[in-house]
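I opened this model to look up its aromatic rings and their surroundings. My entries follow the order in which I checked them.

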Amino acid sequence: MDGLFYVIPKNSDLCSMIPDIREDIFALSTAQGTGAVAILRLSGSDCHSKVQKIFRAGKLNEKPAHAQMYYGEIFSEEEIVDRVLCAFFHSPKSYTVENMAEIHCHGSQYILDRIMQLLVSAGFRAAEAGEFSMRAFMNGKMDLLQAEAVNDLIQSQNKGSHTMAMKQMRGHFSKRLSELRQQLIDLTTLFELELDFAEEDVEFADRESMLNTVLELKAEVDKLAESFRLGNVLKHGIPVAIIGEPNVGKSTLLNKLLGEERAIVSDIPGTTRDSIEDTIHLGQHSFRFIDTAGLRESTDQIESIGVQRSYEKASQAHIILLMFDAETECGDELRAKIEDLKQNIEDLDQKKLILVFNKIDLMSEAPSGLKEIFEYDCVFISAKRNENLEELKQHLLDNAIGKDLGQDVVVSNVRHYEALTASSKALEQSAEHIRMQLPNDLTASYLREVLHHIGNLTGEISNDEILVNVFSRFCIGK
């Protein structure tokens, strides 16, 4: 992508939807609020000369050195507003490919307000959300996938999401799509050539070979799309549903795992009527815990709705903690409850089911008839007394998906997943056309559709709505 510049026609609708990239911009790049230091970021062709209208330093000349920090003063007329550090970056060796600067000042809100007012007076305007990254994209520094990875990196909350973002930012996904795109171009070219020589009835490639190529491309696209399940979970947290009958200790367990009184705990059955969610970090992963309403038959309409939602949340989870009262449960009852769970959750065999026996502090003897259920992971705990909770956490880590992130590309963005799914459908239609020996122009049209979807992914096909949607999610200053 280096050196590829995106040219927007003056009459393009895109010009009216995105900020004017010819203007000089500034933004606060550190978090809002009082702190020891704050960093203001600036970019634009006249950035350096405008900064020097309000910044002076002893060794600074008209053309400051690249990537060098200068110690000096921000001034308003003859008043010193703050003593700061200022760094200058020359085009094209900057994040946006434009001239850039950074002002490191004290984190007083008063000082920041004064400096920003001076910047506006010098000819800067406040940057929009994601505008620095948008300029990097528009100036060919990165493609759209890499730009989105910058935001994912900022938002990463665990090692899994951090690793995915770093790989995408380094261009792993872009490289894979570039290879797919070239194969598609080569294949489409053959069909287009045959259309040019339609009257001569010439075939430039064997139809069986073309079909195999299309099917191989579809398999590759499907593999990328299937990785979304892993990527989405690692990005947003592995969903864990805590389910069981009323008063087995689900809410107590959630509170202990979170380290706070997040759920109401009561001896009255049916206290939890709706699901409660929160996230904790264990090892390299984030786990999104869902405390659900107790599973039991009830004439209470609201409680019944809560039970139905419990099954729905369990259906969405990757790991299910099925809790029991260790003091009262026996083998036959356990089997019946597991079978009931299977009846209400169709894909239970694809999830990780962990049986959690709570209240071991109240047990006088070992539960009877448990040998039959030891095919499942079983943990015996006392949530109230914090007994064996570390063992439960280890079970969660052992069952976490994505423990090995060795594969180069893991899709974690809904936009990417939808484009890949649409590409797969178009490839399937292409394959069907080849099997049925239908006209080449129809087959080629589906291949061009796949090229369109891949172009939208990388940003080679500029779409105003996509660009605005992508960069509006960035924080100001990035």
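**Notebook: aromatic rings and their surroundings**

I began with F357, which counts as buried at 1% relative accessibility, where buried means under 20% relative accessible area, exposed means over 50% and partly exposed lies in between (1.4 Å probe, protein chains only). I note that this is a predicted model, in which local features need pLDDT of at least 70 and side-chain atom pairs count only at pLDDT 80 or more, while totals for chains, interfaces and linings use all residues. I number residues from 1 along each chain as its sequence is written, and side-chain values use heavy atoms, with hydrogens and water left out.

I then looked up the aromatic pairs, taking rings of Phe, Tyr and Trp (its six-membered ring) as paired if their centres lie within 6.5 Å, with planes under 30 degrees apart counted as stacked, over 60 as edge-to-face and the rest as tilted. By this rule I have 8 aromatic pairs.

I found Y70 buried, with a relative accessible area of 7%, and F88 buried at 0%. I also noted that F55, Y70 and F88 form one aromatic cluster.

I returned to F357 and its partner F380, where the ring centres are 4.7 Å apart and the planes are at 15°, so the pair is stacked. I recorded F380 as partly exposed, with a relative accessible area of 23%.

Next I checked charges over rings, which requires NZ of Lys or CZ of Arg within 6 Å of the ring centre and within 35 degrees of the ring normal. I found K478 over the face of Y95, at 4.4 Å from the ring centre.

Last, I looked up I74, which lies in strand β4 and is buried, with a relative accessible area of 0%. Leaving aside residues up to four places away in sequence, I listed its contacts (heavy atoms within 4.5 Å), and I74 touches, among them, I54, F55, I80, V84, I103, I115 and L118. I also noted that the C-alpha atoms of I74 and L85 are separated by 9.5 Å, with the two residues 11 apart along the chain.

Notes:
Helices (H or I, at least four residues) and strands (E, at least two) are DSSP runs, numbered from the N terminus.
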